[in-house]
Amino acid sequence: MTAVSPKLGCTFFSLALANFIASCLRENVIYIELKEESSLLGLVGENQISIGQRIGYSYKGVKYILTNDIEEVAEILARERGYIVVDLGVLNSSTAAVLNKCKNKIIIGSFMPWQRRDFHEFIRKNIYKKYDMETIHFCQLCRDKKGEQFFYKTYGCRLFNLPKIDNPFSLKEENFEDLMNFL
Amino acid sequence: MININLDDRYEVIKTLQQSAATAVVLVRHKKIGALRILKAISKASPDAHSILSEAHLLQGFNSTLLPTIYEVEEDDEVYYLIEEYIDGISLREYLLSKVITKDELIKFAIEICSIVELLHKAEKEPILYLDMKPDHLIIQQGRIRLIDFGISVEKSKSRQIKPHGTPNWAAPEQLRGDFLDERCDIYAVGKVIDFMRSNSYAKDDFKLAYLIEKATAENVEFRTKSISLLKEQLITLQGSMGNEKLRKKHLEKRIAVVGANTSVGTTHIAISLCKFFNKRKIDTYYQDIRENTVNHIWKSMKGARLEEGVLYHDSFRGIMNYGDAIEKHRPPVGLRVIDCGKEAMDILLSVDIIIYVISGRPWQQVMIYPPWIKEKNVYIINNFSNKITSIKKAKELGKRVYMYPLIKNQVDLSKEEERVFTAIFKNEKDYIK
């Protein structure tokens, strides 16, 4: 999962998805935070566990790996079983390699007038003609019908709406259907 | 013989125990007239420190469950400890004179656990009693009190002590001199409960037998984890007995469905039973204690509705097994059908009815049945079977066996299934209206 620009809720939604898989579907899930500096260590870092030969953390049923090593992430994707949610943060040439290895790719953007340009630029620069657009789930932060229609006309694929979640660590049943649809 | 030099304050009434270096004497305080126990030990004795240790351990407690320490004195040759005299008879003497009821047994067992819990949860650090036996439990006005803390230690000092304790009562690791923790007292408490059981009308109680078995497991890793847990289990047992007497309403009851083996149809029968009651307007909730059956049903079943942790689908109601990242919900009020799978002894302690599922398939036969199978509240269902095998099973087990019909439609409750449940629950008048 990645976002077209910072502060669009990539980590927030990645956490919601991982927690939903672990706490509602009761499946194994590994959350990888691929960042130079972890923003989650203080929250999830209390209970240290080993995941394969790596050090990870367990919090509310989700296993966390906090790393900035792309090769390590690629290896985890190849070896580990179950769901793996990768919070890519920023998409660049090196993190794109990880995105390529993911079965489901989610890109979060916003179609608010002042953010629309970023979304188009991101797609043109990083995605368009590089990936099969059908294999990527494009999501918008706030529901915008015109934006959805425009997106479909321009790129020929659907723009999904992110579910409204209050707290990714305390999910509500009303969020389940939307989250399930994402899976 | 030890020489007691406290004549100015105490009058000796009776010598209770005496050896070359120690004495336990019943004394009367000359000024206030109260009876007290005086323990004396020669300073030359290698165990001289035990009196000081006992006083030190008990000084912080302010509980009627433990004896009060009044004074610690010494002269040139002897240490003295003056403590409360607990007037009563020992549990051993008490049990020699009468056979106790299950009610009384559980009441005593809970009281013993409360005393040990007090020691294990001591403010400074846990205290290991290490000498639990019927002779050290005194019944005073119908209540149990614990005496003799001579070999008790603070947990952090338990590594320094040598192998000790009373054989047949002390935990094996204590007699071997291995690492000790609170679980060694749990073992001894389990032994005392077992001793009470052998002198009671509850000899055949399978729930109690299971609690004792867990508490007295030779391997410390398999033993009941804490005295509080044992106490909680005993309270549950006491509660279920109370409920039998008060005739608990069906909405508070719990039915466990237990399989004799894996894949004998436990989950299907439990789900069908839940539907059966709901069709009869009795609010019933299915719960799986081992797996996430209801969560899996939600994933695959269209038209199912989730509300406050419960999955609703036609006449099925299932409690979702959520993890920590889901908002918490209050458990629903209603009859509970608990799918226990194959092994579920802990849950069986707190259920009202057990449906035991066996299989007619030759490769799913079991050789040994659980001891509780003959209990009145246990009903046996023979799945994947025919009339002949069910009759044979009934003869073998010495009680009625209900033949479960072969199911063609996995989703809907069939008339034949309803007939089986009606036959079972006609014996339980609260359930069938």
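B:Ile186, B:Tyr187, B:Val189, B:Gly190, B:Ile193, B:Asp194 and B:Arg197 of helix H5(B) are in contact with B:Leu208, B:Ile212 and B:Ala215 of helix H6(B), a contact being a pair of residues whose C-beta atoms, placed from the backbone, lie within 7 Å. By class, this contact of H5(B) with H6(B) comprises 7 nonpolar, 1 polar and 2 charged residues. In this classification Ala, Val, Leu, Ile, Met, Phe, Trp, Tyr, Cys and Pro are nonpolar, Asp, Glu, Lys and Arg are charged, and the others, Gly among them, are polar.

The model is predicted: local features need pLDDT of at least 70 and side-chain atom pairs count only at pLDDT 80 or more, whereas totals for chains, interfaces and linings use all residues. Residues are numbered from 1 along each chain as its sequence is written, and chains are lettered from A and ligands numbered from 1 in the order in which they are written.

**Helix packing**

Two packed helices are described by the angle between their axes and the distance between the axes. Helices (H or I, at least four residues) and strands (E, at least two) are DSSP runs, numbered from the N terminus. Axes are lines fitted to C-alpha atoms, for helices over the stretch in contact, and angles run from 0 to 180 degrees between N-to-C directions.

| Helix pair | Angle | Axis separation |
|---|---|---|
| H5(B) (residues 183-198) and H6(B) (residues 206-215) | about 150 degrees | 8 Å |
| H3(B) (residues 102-120) and H5(B) | about 165 degrees | 10 Å |
| H3(A) and H4(A) (residues 93-101) | about 5 degrees | 10 Å |

H3(A) is roughly parallel to H4(A). Angles under 35 degrees count as roughly parallel, over 145 as roughly antiparallel, 65 to 115 as roughly perpendicular and the rest as oblique. On the side of H3(A), A:Ile70, A:Val73, A:Ala74 and A:Leu77 take part, and they meet A:Ser94, A:Thr95, A:Ala97, A:Val98 and A:Lys101 of H4(A). The contact of H3(A) with H4(A) divides into 6 nonpolar, 2 polar and 1 charged residues.

In chain B, H5(B) and H6(B) are roughly antiparallel to each other, and their crossing is left-handed. A crossing is left-handed if the near helix is turned anticlockwise from the far one by less than a right angle, and right-handed if clockwise.

H3(B) packs against H5(B) at an angle of about 165 degrees, which makes the two helices roughly antiparallel. The crossing of H3(B) and H5(B) is right-handed. H3(B) contributes B:Leu105, B:Phe108, B:Ala109, B:Ile112, B:Cys113 and B:Val116, while H5(B) contributes B:Asp185, B:Val189, B:Val192, B:Ile193, B:Met196 and B:Arg197. The contact of H3(B) with H5(B) has 10 nonpolar, no polar and 2 charged residues.

**Individual residues**

B:Ile112 lies in helix H3 of chain B and is buried, with 26 other C-beta atoms within 10 Å. A residue is buried if 20 or more other C-beta atoms lie within 10 Å of its own, exposed if 12 or fewer, and partly exposed in between; the C-beta atoms are placed from the backbone. Leaving aside neighbours within four places in sequence, B:Ile112 is in contact with B:Leu137, B:Ile144, B:Val189 and B:Val192. The C-alpha atoms of B:Ile112 and B:Ala170, 58 residues apart along the chain, are separated by 15 Å.

In chain A, A:Glu71 is placed in helix H3 (residues 70-79). A:Glu71 is exposed, with 11 other C-beta atoms within 10 Å. Between the C-alpha atoms of A:Glu71 and A:Ser94, 23 residues apart along the chain, the separation is 9.8 Å.

A:Asn126 belongs to helix H5 (residues 116-127) of chain A and is partly exposed, with 17 other C-beta atoms within 10 Å. The C-alpha atoms of A:Asn126 and A:Val98, 28 residues apart along the chain, are separated by 14 Å.

**Nonpolar cores**

A nonpolar core is a set of buried Ala, Val, Leu, Ile, Met, Phe, Trp, Tyr and Cys residues joined through C-beta atoms within 7 Å. The largest nonpolar core has 99 residues, of which A:Ile108, B:Val257, B:Leu273, B:Ile355 and B:Val357 touch the most other members. Helix H1 (residues 10-23) of chain A gives the most to this core, with 9 residues. A second, separate core of 46 residues includes B:Leu66, B:Ala109, B:Trp169 and B:Val189. Not counting residues up to four places away in sequence, B:Leu273 touches B:Ile255, B:Val257, B:Val337 and B:Phe421.

**Contact between the chains**

The contact takes 14 residues from chain A and 11 residues from chain B. On the side of chain A that touches chain B, H1 and helix H7 (173-182) of chain A are the elements that give two or more residues. H1(A) gives the most to that side, with 3 residues. By class, the side of chain A that touches chain B has 6 nonpolar, 4 polar and 4 charged residues.

Terms used
Contact = placed C-beta atoms within 7 Å.
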